[in-house]
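Please read the following note with the structure open beside you, and follow each point on the model as you go.

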Amino acid sequence: MTSGDRRHRVAVLALDGVYAFELGIPSRLFGAAEGAGRRPLYNVVVCTVDGRPARTDSGFTVSVEHGPEALERADTVVIPPTRRFDAGMAGEELPEGVSEALDRIRPGTRIVSFCNASYVLAATGLLDGRPATTHWHVADDFQRSFPRIKVDADVLFVDDGDVLTAAGVAAGIDLCLHVIRRDHGAAVANHVARVCVVPPWRDGGQAQYIERPVPEPTLATTAATRAWALERLQEPLPLGELAAHARMSLRTFTRRFQEETGMPPGRWLTAQRIELARQLLESSDLPVDVVAHRAGFGTGNSLRQHMRSVLGVSPAAYRRTFTAAS
């Protein structure tokens, strides 16, 4: 990287036993993010705590070009999971050199963990008093081991500003796309998703992936109703109308919707409407009231309240941010 390179610097810390698939996610996703003139937006490097090769979970070793000094220069640090924490920490200390390497991270650097790498952040005290998630399989152990952390095992990822945690495997993809969207807007993130042939975002949380009995093949689903609703977000779409479209009772529809998406219908609709509003704010100069109407919020005030609650910014501030970024 030259001294004139002003790309956002991402350092991926490969620990011993790292999962090879997750190790490659940051380079693949951030590497596909481009600005005007196909200018790369991120510079991604992989490092280890001592600059030596790291064993993976897949029977091969990864040689790296950087040691812990890469963490000192990073704007974002990503820690993929490792086989070592598959069953939690069981009272163990962090592997040798990890704490010292993490101490080299500059204050204010964004730190991201995938899956059980949340144990690394937790063991340093970085997650104390903060919300976080991890893979559902170790969530109970994680909460017992670190009672000061506000563990949410139902979500795919948690964004707490400068510290972000993701659940298992593909949730790392979800979180990288979220970070790109946060940094550069929905258009860039959606382009990355298309290039990598992955969904721009996934509905619901981990609940839909936890093992449970396989339903009968004839059991009706809410998928068709969700697709129908996405074409009508500017309409009121009360729960009764959704249930009627799915030809289910209110109770059955609500239960099945929660099982399939990991969230209740009202929360799901709000999330889809927020996403549509974001895209309209980024890609058009429509007045906020018109954006609110097209996204199904009815009034500009309603959109402002929802965006402040979910994103922490007003529609006008969001538009200014991503107009400047583009």
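This is a predicted model: local features need pLDDT of at least 70, side-chain atom pairs count only at pLDDT 80 or more; totals for chains, interfaces and linings use all residues.

1. The largest pocket holds about 1,200 Å³ of space, and its lining is made up of 36 residues, of which F157, H178, R278, V310 and L311 lie nearest the centre. Two or more lining residues are given by each of β9 (157-159), α6 (170-184), α11 (265-283), α13 (300-310) and α14 (315-325), and the largest share, eight residues, comes from α11.

2. By the rule used here, the count of cavities of 30 Å³ or more comes to one, and the largest cavity has a volume of about 30 Å³. Which residues line the largest cavity? They are F30, T76, V78, V112, L175, C176 and V179, and by class they divide into six nonpolar, one polar and no charged. The elements that give two or more residues to this lining are β5 (76-79) and α6, with α6 giving the most, at three residues.

3. Helix α6, which contributes to the lining of the largest pocket and to that of the largest cavity, also packs against another helix. In general, two packed helices are described by the angle between their axes together with the distance between those axes. For α6 and helix α7 (residues 186-196), the axes come within 7 Å and cross at roughly 150°, and the crossing is right-handed.

4. The residues that bring these two helices together can be picked out by name: L177, I180, R181 and H184 in α6 meet A186, V188, A189, N190, V192 and A193 in α7. By class, this contact has seven nonpolar, two polar and one charged residues.

5. Is H306 buried, partly exposed or exposed? Its relative accessibility is 27%, so H306 counts as partly exposed, since the range for that class lies between under 20% for buried and over 50% for exposed.

6. Leaving aside its neighbours within four places in sequence, H306 is in contact with T270, I274, F297 and L311, and L311 is also one of the residues nearest the centre of the largest pocket. By contrast, the C-alpha atoms of H306 and Y119, 187 residues apart along the chain, are separated by 33 Å.

Definitions and conventions: Residues are numbered from 1 along each chain as its sequence is written. Side-chain values use heavy atoms; hydrogens and water are left out. On a 1 Å grid over the protein atoms alone, a cavity is a set of points where a 1.4 Å probe fits but cannot get out, and a pocket is an open set with protein on both sides within 12 Å along at least five of seven lines; lining residues have an atom within 4 Å of a point. Grid points are joined across faces, edges and corners, and a volume is the space filled by probe spheres set on the points. Helices (H or I, at least four residues) and strands (E, at least two) are DSSP runs, numbered from the N terminus. Axes are lines fitted to C-alpha atoms, for helices over the stretch in contact, and angles run from 0 to 180 degrees between N-to-C directions. A crossing is left-handed if the near helix is turned anticlockwise from the far one by less than a right angle, and right-handed if clockwise. Contact means heavy atoms within 4.5 Å. Ala, Val, Leu, Ile, Met, Phe, Trp, Tyr, Cys and Pro count as nonpolar, Asp, Glu, Lys and Arg as charged, and the others, Gly among them, as polar. Buried means under 20% relative accessible area, exposed over 50%, partly exposed in between (1.4 Å probe, protein chains only).
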